[in-house]
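Student: Could you take me through one part of this model in detail, namely a place where two elements pack against each other? I would like a connected account, with the cut-offs behind each term.

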Amino acid sequence: MGLDGIHPRVLRELAEELAKPLSIIFQQSWLTGEVPDNCSLANVTRIYRKGRKEDPEKYRPVSLTLVLGKIMEQFILSAIMQHVHDNQEIRQVMKAFMKGRSCLTNLISVYEKVTCLVDERKAVDVVCLDFSKVFDTMSHSIFQEKLTAHGLDRCTFCWVKNWLGGRAQRTVVNGVKSSWQPVMSGVPRAQY
């Protein structure tokens, strides 16, 4: 369940009844750039993985946000991805977080190129960089500059700017909640 206590199954079961009013709310939010306060909030809690439950390393932190907020984020992501696609701003060699592309498809592509070069008896140097935390550490202001530089439409840009500006999180463990703290960096990862 999200921060609002609504289980996604409830929304799925009421989809026909909720689709029209939610689409009106989401469109109005997008057009005005106004983001409901609680859409930018997250409870950070721990999720058990496996192993000894007494071992703190056997848990991972997750951010629980509003389920409806996640749906709105998907609409915004769709608008951004459509803009990127229409303007051909993502090259074929870019693999991460793209539908139908993955680390595996990237590895296969690199392996094929290296194999061809080796077959041609050419020298090959490979440098591997790990950008796994790039989204976790990206400054909101840098992200906004990137969106501006790529000519994102005003409505989508304003919504993202207001959403990022209102982001805050607190830790919740065994029902005990910390105070809200602003989130100054990190861009949520979502696959299109």
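Tutor: Met72, Glu73, Ile76, Ala79 and Ile80 in helix 3 meet Thr156, Trp159, Val160 and Trp163 in helix 7, where contact means heavy atoms within 4.5 Å, and where helices (H or I, at least four residues) and strands (E, at least two) are DSSP runs, numbered from the N terminus. By class, this contact has seven nonpolar, one polar and one charged residues; Ala, Val, Leu, Ile, Met, Phe, Trp, Tyr, Cys and Pro count as nonpolar, Asp, Glu, Lys and Arg as charged, and the others, Gly among them, as polar. The model is predicted, so local features need pLDDT of at least 70 and side-chain atom pairs count only at pLDDT 80 or more, while totals for chains, interfaces and linings use all residues. Residues are numbered from 1 along each chain as its sequence is written, and side-chain values use heavy atoms, with hydrogens and water left out.

Two packed helices are described by the angle between their axes and the distance between the axes. Helix 3 (residues 67–86) and helix 7 pack at an angle of about 135°, with their axes 10 Å apart; the axes are lines fitted to C-alpha atoms, for helices over the stretch in contact, and angles run from 0 to 180 degrees between N-to-C directions. Helix 3 and helix 7 are therefore oblique to each other, given that angles under 35 degrees count as roughly parallel, over 145 as roughly antiparallel, 65 to 115 as roughly perpendicular and the rest as oblique.

On the helix 7 side, Trp159 is found within residues 154–165 and is buried, with a relative accessible area of 2%; buried means under 20% relative accessible area, exposed over 50%, and partly exposed in between (1.4 Å probe, protein chains only). Leaving aside neighbours within four places in sequence, Trp159 is in contact with Ser29, Trp30, Gly33, Glu34, Val35, Met72, Glu73 and Ile76. Trp159 and Glu73 are 86 residues apart in sequence, yet 9.8 Å apart in space, C-alpha to C-alpha. The side chains of Trp159 and Ser29 are joined by a polar contact of 2.8 Å, a term for a pair of N or O atoms within 3.5 Å in which, within protein, one must be able to donate a hydrogen and the other to accept it, and residues adjacent in sequence count only if both atoms are side-chain atoms.
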